[in-house]
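Here is a friendly walk through a structure, in questions and answers. Have the sequence and the model open beside you as you read.

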Amino acid sequence: MKMIFVRDTAYGFRLVFVCIFACALMFIDHSFEQFRFVRGSLSTLVFPAQKLVDTPIALVRNFGGFLATQQHLFNENKKLQGTQLLLQGRLQKLEALEKENQHLRDLLQSGAQVAEDMSIASIINIDPDPFTHQVIINKGKSAGVYQGQTLIDAHGIMGTIIAVNDLESRAMLITDASHAVPVENLRNGVRAIAVGTGGATLELRHVQKSLDIVDGDVFVTSGLGGRFPIGFPVGKVIEARRDHGKPFASITLQTQAKLDRGGHVLLIRNQDYIKRERINEKK
Amino acid sequence: MRKNKTSVVYLQVLLSFVFAFCLMIIPVNPAYKWLRPDLVTLLMIYWVANLPSHVGIVFGFMVGLIFDLLSGMLFGSMGLTLAIIAFLTMNLRLRLRIYRSWQKFIVIMLLVACSQLIRLWIQMLIGHPPANFIYWLSSVMSALAWPIISTVLSSYQRSLRLAA
């Protein structure tokens, strides 16, 4: 017989059990790096849903290119050729400089700067949880993406890969509140840590008031800690305040990378980092 | 009414959740991201209220875990939230049927706000700063969306002849 007024006393017990289990899961996810692998492989399960949402959006985007007029394409092509020429001109000089730099480093007997190789990936058009700043990228373990890899766009550092599975990977953006990058001032080499605020900006933590940082200074990655490659732009100072009541200066950076615009990203393979991780694994 | 097999019922309910998941991850302008109605919580409330023989605390927990994988939240946070929402709705479900529409509005808003509160606490515990006041607007939007959601879901339920 079907009961309408069911009053099951097991509900409370079940709830307590589930709550304890959920709390344990959250604790494990938060505290253990190793769990990321489990999570990465589990998220293959939800890949179809992501693909389902992404496909029509990508299709519409591509269709726009399909419908573009010849005049438009012609103009765009001309512009791109101009930009390419300009960039190649700069690159010539850069190569000479790189060689010179290497030579000077040899003279100083300091370690050689490793070259990084990059690969292109594109962002899958979905919105994850609004609390966290994350993007999903269409390349995974099978394309050589590894956890801890750095993500950049044409203007600067975008974020770090935090979970990988075979087909795709999840990256945390630098504006996420739990993301930090070691940086240095391009103008005078002052070092700091740039931490995400959870909003659209970054802040420098624990900066002494006497340090020379002014509006408009550009901060690049310092490479300390070995996770991020050296010399990529991170942010530009938009506000440098030194309040009397506070022990440290409060410095706000605007990201150089265009984080809110979807499209293509570059993944940097940091050979040094990979080598060190392998050594750590062997230990 | 024909009685469906239990596994089929679960599959059909799960299908509606998958649809909600897809709607929840469609990209929107970041300025409006907090205005999105919390469809997953709304679906949980609906199914617990209308299909309590199948959908309950453990089901909510499982669905929440899948959503955590999809959205990149702390693994288990949505699971915990949906389990608690399922429990609350179970106690409210008979009253929910006789409420007038404005009373329903308030109850749904409070339930979604409760779901948001749990997630906000979890986020605060792991160090993400709390969002601004706009965060709570989502529960109002959810309550506004409830009549539409419940109409769509009840026609879905009727068309599949899912009965409690």
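Q: How many strands make up the closed barrel of chain A that runs 6-7-8-11-10-9?
A: Keep in mind that this is a predicted model. In chain A, the order 6-7-8-11-10-9 closes into a barrel with antiparallel pairing. The twist from one strand to the next averages 40°. The number of strands in this barrel is 6.

Q: Which residue in strand 11 of chain A stands opposite A:Thr201?
A: Strand 8 of chain A also pairs with strand 11 of chain A, residues 249-255, in the antiparallel sense. That pairing extends over 5 bridges. The residue of strand 11 opposite A:Thr201 is A:Gln254.

Q: What is the average twist from one strand to the next in the barrel that runs 1-2-5-4-3-12?
A: Chain A has a closed barrel of 6 strands in the order 1-2-5-4-3-12. Its pairing is antiparallel. From one strand to the next, the twist averages 45°.

Q: Which residue in strand 5 of chain A is the bridge partner of A:Gly159?
A: Strand 4 of chain A holds residues 157-164, while strand 5 of chain A holds residues 169-173. They pair in the antiparallel sense over 5 bridges. A:Gly159 has as its bridge partner in strand 5 A:Leu173.

Q: What radius of gyration does chain B have?
A: Chain B has 6 helices and 0 strands, and its elements run α-α-α-α-α-α from the N terminus on. The globule rule gives 15 Å for 164 residues, and the value for chain B is close to that, so chain B is as compact as a globular protein of that length. The radius of gyration of chain B is 15 Å.

Q: What share of the residues in chain B is buried?
A: Along the principal axes, the C-alpha atoms of chain B fill a box of roughly 50 × 35 × 30 Å. Among contacts in chain B between residues at least 6 apart in sequence, 71% join residues at least 24 apart. Of its 164 residues, the buried share is 43%.

Q: Which helix of chain A gives the most to the side that touches chain B?
A: The contact takes 34 residues from chain A and 35 residues from chain B. On chain A, helix 1 (10-31), helix 2 (35-42) and helix 3 (47-67) each supply at least two residues. By class, this side of chain A has 19 nonpolar, 8 polar and 7 charged residues. With 10 residues, the one that gives the most is helix 1.

Q: Which residues of chain A is B:Ala83 in contact with?
A: The largest nonpolar core has 93 residues, and B:Ala83 is among those that touch the most other members, as are A:Ile157 and B:Met44. Leaving aside neighbours within four places in sequence, the contacts of B:Ala83 in chain B are B:Ile57, B:Gly60, B:Phe61 and B:Gly64. In chain A they are A:Leu15, A:Val18, A:Cys19 and A:Ala22.

Methods. Residues are numbered from 1 along each chain as its sequence is written. Chains are lettered from A and ligands numbered from 1 in the order in which they are written. This is a predicted model: local features need pLDDT of at least 70, side-chain atom pairs count only at pLDDT 80 or more; totals for chains, interfaces and linings use all residues. Two strands pair if DSSP finds at least two bridges between them. Helices (H or I, at least four residues) and strands (E, at least two) are DSSP runs, numbered from the N terminus. Axes are lines fitted to C-alpha atoms, for helices over the stretch in contact, and angles run from 0 to 180 degrees between N-to-C directions. A nonpolar core is a set of buried Ala, Val, Leu, Ile, Met, Phe, Trp, Tyr and Cys residues joined through C-beta atoms within 7 Å. A residue is buried if 20 or more other C-beta atoms lie within 10 Å of its own, exposed if 12 or fewer, and partly exposed in between; C-beta atoms are placed from the backbone. Two residues are in contact if their C-beta atoms, placed from the backbone, lie within 7 Å. The radius of gyration is taken over C-alpha atoms; the globule rule is 2.2 Å times the number of residues to the power 0.38. Ala, Val, Leu, Ile, Met, Phe, Trp, Tyr, Cys and Pro count as nonpolar, Asp, Glu, Lys and Arg as charged, and the others, Gly among them, as polar.
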